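Hi,

Here is the structure I promised to pass along. Have a look at it first, and my notes on charged side chains follow below.

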Amino acid sequence: MNSSSMAREGHRQARQAADSKVVSAGARAGFAARGVIYLLVGLLAGQIAFQGDGKQADRGGALQEISGQPFGGILLWVIGIALVGMALWRLSEAAFGVAGPDGGKATKRLLSGARAVFYAFVAYSVLSFAAGEKSGGGSSDKQSQDITAQALGLPGGQWIVGVAALGVAVAGVVVGARAVMRKYHKHLRMGAMSRRARQFVDVTGVFGGAARGLVFAAAGVFAVMAAIDYDPDEAKGMDDTLRSFADTPAGPWLLVLVAVGLAAFGLFSFANAKWRKV
């Protein structure tokens, strides 16, 4: 067998592995794990809105909440491994294309690659926390400020932070807009759902996606301000970003709305675990 034949055979075997039931199960488990985290973040944000303080409403706060429950340590390992499955599925999309007629586009494959890196980082942080490394459950605010400070210290740091922050803000707007336009329909097996299931998916998908996009956009705006003022303390993670909604003229009710939206996105993630095309 010559080298080109061996390469084709290797590619075929890799493609079969990417399309395997194991990778599919990993993706669905990953969506369920994401659902647990967002549901808990929404509940923690609701506590802040009603109690004025509460625990940190971000991934670290969610992990700490889980760890305090019976069998919480085991659940943390399960969530971390499930997120590894999500990262591997996204990696397979980057290598072989996304499900759908235009899934082979370079832009979609690059986006899947970026998502694979993101979920690999999240999985690492969860598994580190499960193994006893406290930094895995650290404050997103402190992490954002540290990263911003390091970036600002680089040559052209203000531009680097500003461009990256603007990208996050724009991404948040796009995420929210795509949710409102129900772009997620093409990724789900809508025909396999009952009428009530479709209604559930649309309520949680639109509301949850819009709330998630709003949080990303707001965090991006704060990071832009940090770049303009050359002050890393102005950068905010998810926790401080959520708390900032309570300081608007709408008061805590805007935070309540966003908290419910994030919890809804968690439920939408559970729907993805069942009906996503993988």
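Lys183 sits in the loop that runs between helix H7 (157–180) and helix H8 (195–229). With a relative accessible area of 36%, Lys183 is partly exposed. Together with Lys105, Arg115, Arg178 and Lys186, Lys183 forms a positive surface patch. Please keep in mind that this is a predicted model.

Now to the charge pairs. Searching the whole structure turns up four salt bridges, and here are some of them.

The loop between H7 and H8 also holds Arg182. The Arg182 side chain meets that of Asp202 in a salt bridge, at 3.4 Å from N to O. This pair links distant parts of the chain, as Asp202 belongs to helix H8 and lies 20 residues from Arg182. Asp202 counts as buried because its relative accessibility is 15%, under the 20% cut-off. Arg182, at a relative accessible area of 41%, is partly exposed.

Another salt bridge joins Glu93 to Arg90, with 2.9 Å between the closest N and O atoms. The two residues are three apart in helix H4 (residues 72–96), so about one helical turn separates Glu93 and Arg90. Both Glu93 and Arg90 are buried.

Then there is Arg243, which forms a salt bridge with Asp239; their closest N and O atoms are 3.0 Å apart. Arg243 and Asp239 lie four residues apart in helix H9 (residues 238–245), so they too are separated by about one helical turn. Asp239 is buried at 6% relative accessibility, while Arg243 is partly exposed at 22%.

Best wishes

Key
Residues numbered from 1 in each chain as written. Predicted model: local features only at pLDDT ≥ 70, side-chain atom pairs only at ≥ 80, totals over all residues. Heavy atoms only, no water. Patch = residues over 30% accessible without salt bridge, like charges linked within 9 Å, V, L, I, M, F, W, Y side chains within 5 Å. Areas by Shrake-Rupley, 256 points an atom, 1.4 Å probe, with all protein chains shown as cover. Lys, Arg positive; Asp, Glu negative; His and termini not counted. Charge placed at Lys NZ, Arg CZ, Asp CG, Glu CD. Buried < 20%, exposed > 50% of the residue type's maximum accessible area, 1.4 Å probe, protein only.
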